[in-house]
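User: Got a model open here and could use a quick walk through it. Can we take it piece by piece?

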Amino acid sequence: MPGYELWGTEERKELNDVLQNGILMRYGFDGPRKGVWKAKELEQAICKTFGSKYAQLTSSGTSALTTAMAALGIGYGDEIIMPTFTFVASFECVLSVGAIPVLVDVDDTLTLNPDAVKKAITPKTKAVMPVHMCGSMADVDALLSICKEHNLILLEDACQSIGASYKGKFLGTIGDAGTFSFDFVKIITCGEGGAVMTNKEDVYTKCDGYSDHGHDHKGNDRGAEAHPFIGYNYRISELHAAVGLAQIKRLNEFLGIQKKNHAQLKQILSAIPEISFRRIPDPTGDSCTFLSWFLPSEEITRAVVNEMKAQNILAGNFYWYDNNWHYIRKWDHLKNSITLNALHPELKAQVIHHSTKDFTASDAVLSRCISTAISLLWTEEQIKEKGAKMVAVVKNILNRTSVTT
Ligand SMILES: *Cc1c(COP(=O)(O)O)cnc(C)c1O
């Protein structure tokens, strides 16, 4: 999955350009930087690579989402519909702008169930935020039509799905805005970094200002720039942008390796009829960072996970149902609304409300799901070996359970 696996001379070269001048900041210092503008260059590369009209780099995927929400006018009293299966950052951002996260069920796409979205719409709903989890996509057309019918914003959290596409359009460029993360374990990395993409000029201009203290970035005297609105510092540094610039040039190489390795492993696991795979709304658009597969029951899945652990082959396989970062079941800090500072009592009540909601539909999917991370470093031989071991474990457990039941 992650670009860090193939760190090399390209990354060092881009970094060295910055180190030569020592101008680590993305704005200003026009003379001393001697024409080195890594953040600007990376923004242009993002626009060109993904077909987005505008791109704003930020310090992380989390700050990209926060910036996008602010620029889209999401704030006090607004309800944002989002999935139960995501990374904690998705709801953190909603709370950070004072809006209300409304978590709803996922289906066998491992992303928002469109029917669950429809049921959650209220007069306060402002946006739907699909999270394109594990390298692949939500049912984008269904969500777009819901948003159109109810006049809602579509904000795509594509942080984990850089380079994946839906019907020929890159994820993150389809909605009103979309975000990428370039943290250390994402498909391409800056070390830390993120981006907002949008085709709307006003949304972009707001992102540009919001991520830099509200600066309007007009003229070439930073100290004289006006502040049309209040912003924050979510800037990326030139060092981080330099790494990203090297990595984005290698994206196709990474995707090619992932697709090849993914196909080989999928073919091996397909030999077992009891294994089914994640539903992918547009299979050609899968970035193939993970192979996500289902077993017939939670009991069997747990037994397989335990056996893989016992045989030391669990590394790189994720059982999200028990995971602290990605699934609502373990998010006690959210369900109890544990924050360091006081939330508005109404918001707090709505956050705590999640502890009493019924997510059995999500449980039924996640409790049977294992995602295998696809490495860029595997050889064909290693995949064969890995696949054979996984098949042996699954067959063994299936035989055992059919004997005991
Ligand atoms: C990684 C990630 C983020 C946040 O990105 P950071 O750069 O780590 O802040 C947001 N959403 C999802 C789904 C992610 O996987």
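This is a predicted model: local features need pLDDT of at least 70, side-chain atom pairs count only at pLDDT 80 or more; totals for chains, interfaces and linings use all residues.

User: How many helices and strands does the protein have?

Analyst: There are 14 helices and 13 strands.

User: And the overall dimensions? What does the C-alpha trace span along its principal axes?

Analyst: About 75 × 50 × 40 Å. The radius of gyration is 22 Å, and a compact globule with 405 residues would have one near 22 Å, so the protein agrees with that expectation.

User: What share of the residues is buried?

Analyst: Buried residues account for 56% of the 405. On contacts: among those with a separation of 6 or more, 68% join residues 24 or more positions apart.

User: Let's go to strand E5. How many of its residues are buried?

Analyst: Five of the five, across residues 153–157. E5 is therefore largely enclosed by the rest of the structure.

User: Which residues sit on each side?

Analyst: Ile153, Leu155 and Asp157 are on one side, Leu154 and Glu156 on the other. All of them are buried, which leaves both faces of E5 covered. In a regular strand, side chains alternate between the two faces of the sheet.

User: Which strands pair with E5?

Analyst: Strand E4 (residues 125–128) runs parallel to E5, joined by two bridges. Valine 128 has leucine 154 of E5 as its bridge partner. Strand E8 (residues 177–181) also pairs with E5 in the parallel sense, over three bridges. There, aspartate 157 is partnered with threonine 179 of E8.

User: What unit do E4, helix H6 and E5 make?

Analyst: A right-handed β-α-β unit, with H6 covering residues 140–150.

User: Switching to rings. How many aromatic pairs are there?

Analyst: The structure holds 16. One of them is phenylalanine 180 with phenylalanine 182, edge-to-face, at 6.2 Å centre to centre and 65° between the planes.

User: Are those two buried or exposed?

Analyst: Buried. Phenylalanine 180 has 0% relative accessibility, and phenylalanine 182 has a relative accessible area of 2%.

User: Where do phenylalanine 290 and tryptophan 320 lie?

Analyst: Phenylalanine 290 is in strand E11 (residues 290–294). Tryptophan 320 is in the loop between strand E12 (317–318) and helix H11 (332–335). The pair therefore ties together parts 30 residues apart in sequence. Phenylalanine 290 counts as buried at 8% relative accessibility, and tryptophan 320 is buried too, at 4%.

User: Which residues do ring pairs link into a cluster?

Analyst: Phe50, Phe170, Phe180 and Phe182.

User: What about charges over rings? What lies over tryptophan 37?

Analyst: Arginine 33 lies over the face of tryptophan 37, 4.0 Å from the ring centre. There is also lysine 266: its charged end sits over the ring of phenylalanine 277, 4.9 Å from the centre.

User: Last one, glutamine 247. Where is it found?

Analyst: In helix H8, residues 238–248. Glutamine 247 is buried, with a relative accessible area of 0%.

User: Which residues is glutamine 247 in contact with, leaving aside neighbours within four places in sequence?

Analyst: Gly3, Tyr4, Glu11, Ile187, Ile188, Thr189 and Phe254 are in contact with glutamine 247.

Terms used: Residues are numbered from 1 along each chain as its sequence is written. Side-chain values use heavy atoms; hydrogens and water are left out. Rings of Phe, Tyr and Trp (its six-membered ring) pair if their centres lie within 6.5 Å; planes under 30 degrees apart count as stacked, over 60 as edge-to-face and the rest as tilted. Buried means under 20% relative accessible area, exposed over 50%, partly exposed in between (1.4 Å probe, protein chains only). Helices (H or I, at least four residues) and strands (E, at least two) are DSSP runs, numbered from the N terminus. A charge sits over a ring if NZ of Lys or CZ of Arg is within 6 Å of the ring centre and within 35 degrees of the ring normal. Contact means heavy atoms within 4.5 Å. Two strands pair if DSSP finds at least two bridges between them. A crossover is right-handed if, with the strands pointing away from the viewer, the path from the first strand over the helix to the second runs clockwise. The radius of gyration is taken over C-alpha atoms; the globule rule is 2.2 Å times the number of residues to the power 0.38.
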